[in-house]
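Thanks for coming. Please have a look at it first.

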Amino acid sequence: MIVSALLTSVGINLGLCVLFFALYSVLRKQPCNLKVYAPRLVAEGRAGQRSHFNIEALLPSAGWVRRAWQPSEDELLNSCGLDGVVFNRIFIFSLRVFSVAAIIGIFVLLPVNYLGDHLRDIDFSDLPNKSLDLFTISNVKDSSNWLWVHFSAAYFITGVVCYLLYSEYKYISNKRIAHFSSSKPQPHHFSILVRDIPSHGRSSLSDTVETFFMDYHPSDYLASTVVCRTSKLRGLITDTENLYRRITHLKSMPSSSQNQSHTGFLGLFRKNGDLMGHYAKKLEDLEQNVRLEQSDISAGREVAPAAFVCFRSRYGAAKALHIRQSTNPTEWVTEHAPEPHDVYWPFFSTSFTQRWISKLVVVVASVLLIVLFLLVVAFVQGLTYLEQLEALLPFLKNILKITVVSQIVTGYLPSLLLHLVASLVPPIMKLFSAMQGYIAISEIEKSACNKMLLFTIWFLFFANVLTGSVTSQFQIFLDPKTIPERLAVAVPAQASFFIAYVVTSWTSLSWELNRTIAFIGDLISRRCSKTNDDDFQIPSIPYHSEIPRVLLFGLLGFTYFLLAPLILPFILVFFCFGYIIYRNQKELLNVYQPKYDTGGRFWPIVHNATIFSLILMQIIAVGIFGVKKLPLASSLILPLPVLTLLFNDYCRKRFLPIFHDFSAETLIKKDREDRNDPAMEEFFDKLVTAYRDPALMPIRHSTNSNDHSSPLLSKV
C-alpha cells in the first residue's frame, strides 16, 4: 500500500505540473499586463511587444524552455552577477552527481535490495501494493555478501562527489577572480566601514575621522562619510511617500469623485470634504518636517560612532581593513564596506542596547519557533498512519476507508502540509537576521540562508526521522556511540515520506514557474491598494530560501543513496525541472532582478552543506553495516568520514581565502590598470558621496497647492 500511495502522489503531482506548465505557457504569451509573471521584463518595456490579440497566444507552448536553455554563462554573469552563476552551478553540480548516483542506485543497488534473501515470493504483477521496504537495504539478509556492493558504492560516490566539489570550487574561485579583474571600479572596492570611533573633546566626529586617517594613511585617504541616525527621518519619509501614492491614486479617479469623501465615523458623516486640498496641505507639512529633520541631522546632532572611509586605491583600502588601527582593539574597528545600495541603513539608527535586546529577542523567538514547528511535524507524521488519524478523528473513519482518499491522505497530504508550513519560515528567518545588526542586505540574506539551512537539515529532516518528543530527539546525541545504529534504524523508516516530499516539490516548482501566489496577491493589491498600478518593484532573487531548499534535496539524495535508492530518480527530476525553471525566472531577466552581488560568497555554504551530507551518509552506513551484522564493512567505512574531512580542510585552506579577500597581487594589478584611465577622476568625485544616506537626499516631491487641477507632485 505504501508504493500504491506513492504512485498516487506521483500521478497527482505530474498532473498538476502539466496543468501549471500549460497555464504558464499561455500567460507568458498574453498581450495584457504581465507584471506578475515577468516584472523585470515589463520594467524594461519589452512586455508591450504584443499589442494585438492573437489566437495563437492561447495555445500552450514550450518555447520558453528553449529560450531558458540558450543563454551562455557569460550572459548569465552579465545579467545576474556571480551569485546568479553560483546558483546555476548548484543545479549543474547536483545534476552531475545524482546522474551518477541514480545510475548506480537504480541499476545496481535497487535490484540487490529487491532480490534480497528476505523476499520469498517475487510477484511483479502485485508490485504497486508491496511495501517500500522491499526496495530498501532492509530487505538484504544480515551478514549477506551483497552488502559489499553497498560498501563499494559508498566509497565510489564519495570519490565522485569530492572530485566534482573540488572542480566546482576551483572553477568558481577562478570565476570570482576573473570577474573582479574585468569589473569596472566599484565604490565598495575602495571603501571600508569604521566603527566604534572614539570621541575627542569638542571636535566633531567627521573631523576626528578625517584627522585620524590623514595622519596614518596620508597617501591613500580620500574622504569619509559619517553615519547618522535617521530612524525618525525615515518614518517621516515613509509617511510622505504613502501620502504621495494616495494623491496619485486619487488623481487617477474621475474628477467628480476627487473632492468628495466620507471622513466621519464609518463614512457616515461629514461628506463632501475637500480631499485634494486637505492632502495637499498635509503633504506640504510633512515635506517641511522632513527638511527640518534633515537639517538637524546634517548639522551633526544625530550621528553614530561609525563612518565609511574611502581611499584612492583598492590596495590602500585593503591595508586599512586588515591592519589594526589603534592600540585599543575595541576602537577604530574596521570591516568590509558593502555596495552603497546594499547598505542596510536602519541598522545604524539603533543603539547598542537596542541591538543587544534584539539579539535576545531573536534567541527567544527562535526557541518558540522550534517548539511550534516540532508540533507541526508531529501532526504531519500522524497523518501518515491511518490508525492514529482514525483514533484522533473518529468521524473520518468511513471516509478514510475509501482507497483513493486514504492514499492521498497518507501519501500526498502530509508532505504538502509540510511544504506549506516550511514556506512561511524564510521571511521569519530574514526578519531574525535583520534584527541581529548586520550592516548589509546581502549579509542579512547570508545569515538567513545559514539559519534556513540549519532549519531544513534539523527540522525538515531530523525532526521527521526522529519522531517523538523533543527530549527523545535530543537523547540520541547524548550517547554518540549509538548515533549510527539509531540513525540506521530511523532513517529507512521514513523513506516513503521523503519520497512523497520530493514528489510534492515538483508542484512547488510549478508554482514558482507561473507565480500563482504572486498572481493572487497582485489581484488583491489592485483592488485594495491606493497606489499607482505602474509603480511596482521588481522582486529580488530569494537566495536565502532557495539555496537551502535545493541543498535539502541533496541531503536526501545522499542519505538515501544506500538505504532507499528509489528516491534518486525523483530527486533527479526535481533538479532537471529546477534547472530550467530557475534559469527562466532568474537568469533570463523575466522575473527577478538582483539587488546585490556578493561575488559568489554563497558557494562555501553549498560546499559545507554537501560535505555534511556526505558525512551523514557515511555515519549511517557505519550503523547500517553494524545492524546488518557485517562488522568488517562497518570498520572499513570508518576511514571514509576522516578522508572526507581532510578533503574539506584542504579545500578550506586552498579556496576559502579567495572568497574572503582578494590578494595583493590582484589588487595592485587592478590599480595599475586604472592609473591611466581618464574616467577615474570622475569616479573619485562620485565616490566622495557614494555612501551618503538616501534619507538625507533632497526631497523628491514638490507641491503646487494653488491649482488643484495641475499635478500636485512631480519627481525631481
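This is a predicted model: local features need pLDDT of at least 70, side-chain atom pairs count only at pLDDT 80 or more; totals for chains, interfaces and linings use all residues.

In secondary structure, the chain has 28 helices and four strands.

Next, the contacts. Counting those with a separation of 6 or more, 83% are between residues 24 or more positions apart. As for the surface, the accessible area of the chain is about 34500 Å², and carbon and sulfur atoms hold 61% of that.

Now to helix α22, which runs over residues 543-563. Is α22 mostly covered or mostly open? It is mostly covered, with 21 of its 21 residues buried. Its length can be checked too: at 1.5 Å a residue, the 21 residues of α22 should span 30 Å, and the end C-alpha atoms lie 31 Å apart, so the two values agree.

One partner of α22 is helix α5, residues 147-182. The two axes come within 9 Å and cross at roughly 155 degrees. Angles over 145 degrees count as roughly antiparallel, and α5 and α22 are therefore roughly antiparallel to each other.

Which residues make this contact? On the α5 side they are H150, A153, A154, I157 and V161, and on the α22 side F558, F561 and L562. Sorted by class, the contact of α5 with α22 has seven nonpolar residues, one polar residue and no charged ones.

To recap the pair: α22 has 21 of its 21 residues buried, and its contact with α5 includes seven nonpolar residues. That is the end of my part.

How values were computed
Residues are numbered from 1 along each chain as its sequence is written. Side-chain values use heavy atoms; hydrogens and water are left out. Axes are lines fitted to C-alpha atoms, for helices over the stretch in contact, and angles run from 0 to 180 degrees between N-to-C directions. Helices (H or I, at least four residues) and strands (E, at least two) are DSSP runs, numbered from the N terminus. Angles under 35 degrees count as roughly parallel, over 145 as roughly antiparallel, 65 to 115 as roughly perpendicular and the rest as oblique. Contact means heavy atoms within 4.5 Å. Ala, Val, Leu, Ile, Met, Phe, Trp, Tyr, Cys and Pro count as nonpolar, Asp, Glu, Lys and Arg as charged, and the others, Gly among them, as polar. Accessible areas come from the Shrake-Rupley method with a 1.4 Å probe; for residues, only the protein chains shown count as cover. The expected span of a helix is 1.5 Å times one less than its number of residues. Buried means under 20% relative accessible area, exposed over 50%, partly exposed in between (1.4 Å probe, protein chains only).
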